[in-house]
2 protein chains.
Amino acid sequence: MTAEAKPASPPLTERQEARRRRILHASAQLASRGGFEAVQMREVAEAAEVALGTLYRYFPSKIHLLVATMQDQLQHMHTTLHKRPPAGDDAAQRVADTLMRAFRALQREPHLADAMVRALTFADRSVSPEVDTVSRITTAIILDAMGLEHPTPEQLSAVRVIEHTWHSALITWLSGRASIAQVKIDIETVCRLIDVTAPRDA
Amino acid sequence: MTAEAKPASPPLTERQEARRRRILHASAQLASRGGFEAVQMREVAEAAEVALGTLYRYFPSKIHLLVATMQDQLQHMHTTLHKRPPAGDDAAQRVADTLMRAFRALQREPHLADAMVRALTFADRSVSPEVDTVSRITTAIILDAMGLEHPTPEQLSAVRVIEHTWHSALITWLSGRASIAQVKIDIETVCRLIDVTAPRDA
DNA sequence: ATCCAGTCTGAAACTTGTTCTAGATTAGCG
DNA sequence: CGCTAATCTAGAACAAGTTTCAGACTGGAT
């Protein structure tokens with residue numbers, strides 16, 4: 001389950017892969033400073049030592065770029081979490097722990113988190129495939145924490161609700177309308193759904 | 001409970017109130033056609049017969065304008081819902097019904113919904129007060145449906161989670177990544193938290 | 001009625017995302 | 001090696017959000 005599958009329409013050459021990487025790096029770098037607005041396409045291009053037109057060939061819009069940045073970061077987080085899986089009695093606890101751990105990771109770079117999450121929720125239909133990928137990774141993280149291989153439809157719904165809550169709570173925190181304590185409480189509240197939707201082993 | 005309180009820093013004259021109304025109307029009108037991108041400030045100004053600078057005096061950004069538009073629409077919806085409160089045995093059912101009713105109302109103008117919700121989640125700190133107002137109205141709608149006067153902190157958390165889910169599910173539907181059926185299921189799932197967090201009358 | 005401060009208008013200017021173009025470079029191929 | 005198609009670059013140009021400014025207008029105080 002290395003989950004590194006890329007559709008890879010045309011396989012990229014080495015230099016192209018390097019360019020792509022430079023671009024994503026520049027994007028994350030700039031985002032880590034001023035957040036969404038600081039990621040200016042001209043600056044990304046310059047920092048990545050790439051022409052503006054090339055940047056747009058790799059990522060057809062600023063939103064695409066930031067969503068791809070999020071994919072990248074989430075991938076990292078997923079493997080990191082894999083190394084130290086949450087210890088806990090029940091699934092709800094483990095999921096809540098995992099999400100709060102992710103949350104603290106994002107706290108370390110709040111501007112980056114801001115840029116990525118704002119892009120994610122602002123994305124329109126043209127970015128659906130990429131947003132879907134992010135969603136799949138998030139789902140995988142949560143299911144991992146739950147320790148489930150074959151979730152029921154009910155459980156999948158609960159997982160989606162948890163994801164919704166996570167994104168939205170993140171936004172309210174990032175825009176200063178909710179405290180970290182409140183986010184924690186709400187995450188724990190939504191995780192109760194895991195118990196509620198657990199299939200009775202009858 | 002007419003809930004018409006406006007901080008109203010400087011009380012607006014009649015003509016100013018009329019301008020404000022024309023602007024909001026133009027905004028909703030344009031949004032109903034092409035959604036977020038169709039709400040172009042120059043066009044709003046023209047349709048509202050107001051100079052561009054004036055538009056910006058009333059609403060300091062496109063996001064402010066659209067969030068204000070949402071406030072306006074939500075207010076309508078709240079009063080409409082008041083007239084025909086949901087009938088149902090338990091609170092969870094009533095809340096789910098209410099939200100799905102709101103959902104169907106938004107479905108009638110998907111482009112408008114798109115513009116408003118995208119603006120809402122994209123809003124940064126400078127729009128926090130306005131976004132908070134929207135959140136308060138939404139909370140009021142949900143608490144009304146629950147029939148609660150004095151919710152416990154636990155219940156308030158559940159309500160926030162429901163709001164998170166509502167916004168986020170709306171977005172996934174608007175961007176074509178979830179079906180209406182799925183939204184319905186997820187709304188019903190999250191509403192289970194209402195039962196779970198109901199205080200035991202012991 | 002007159003005057004002042006605040007408001008509104010029309011238009012230009014500025015910013016940043018996005019598109020376009022002409023010419024250089026690169027990659028793969030015979 | 002030499003050719004061709006794809007890719008990359010630099011830079012101009014365009015679009016829409018936002019800011020700015022000079023002058024006209026309005027509403028209220030004297």
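This is a predicted model: local features need pLDDT of at least 70, side-chain atom pairs count only at pLDDT 80 or more; totals for chains, interfaces and linings use all residues.
**Helix α8 of chain B**

- Of the 22 residues of α8(B), 18 are buried, so the helix is largely enclosed by the rest of the structure.
- Just after α8(B), G176(B) adopts a positive phi of about 75°.

**Surroundings of DNA strand D**

- DNA strand D is surrounded by 18 residues, the closest being R19(A), T54(A), Y58(A), R42(B) and K62(B).
- Among the atoms of DNA strand D that come within 4 Å of the protein, sugar and phosphate account for 64%.
- By class, the surface near DNA strand D comprises 7 nonpolar, 4 polar and 7 charged residues.

**Polar side-chain contacts and contributing elements**

- Phosphate oxygens of DNA strand D lie 3.3 Å from a polar side-chain atom of R57(A) and 3.2 Å from an N or O atom in the side chain of Q40(B).
- For Q16(A), an N or O atom of the side chain is 3.5 Å from a sugar or linking oxygen of DNA strand D.
- Two or more residues are given to the surface near DNA strand D by each of α1 (14–32) and α3 (52–58) of chain A, and α2 (41–47) and α3 (52–58) of chain B, with α3(A) giving the most, at 3 residues.

Terms used
Residues are numbered from 1 along each chain as its sequence is written. Chains are lettered from A and ligands numbered from 1 in the order in which they are written. Side-chain values use heavy atoms; hydrogens and water are left out. Buried means under 20% relative accessible area, exposed over 50%, partly exposed in between (1.4 Å probe, protein chains only). Helices (H or I, at least four residues) and strands (E, at least two) are DSSP runs, numbered from the N terminus. A residue is near a molecule or strand if one of its heavy atoms lies within 4 Å of it. A polar contact is a pair of N or O atoms within 3.5 Å; within protein, one must be able to donate a hydrogen and the other to accept it, and residues adjacent in sequence count only if both atoms are side-chain atoms. Ala, Val, Leu, Ile, Met, Phe, Trp, Tyr, Cys and Pro count as nonpolar, Asp, Glu, Lys and Arg as charged, and the others, Gly among them, as polar.
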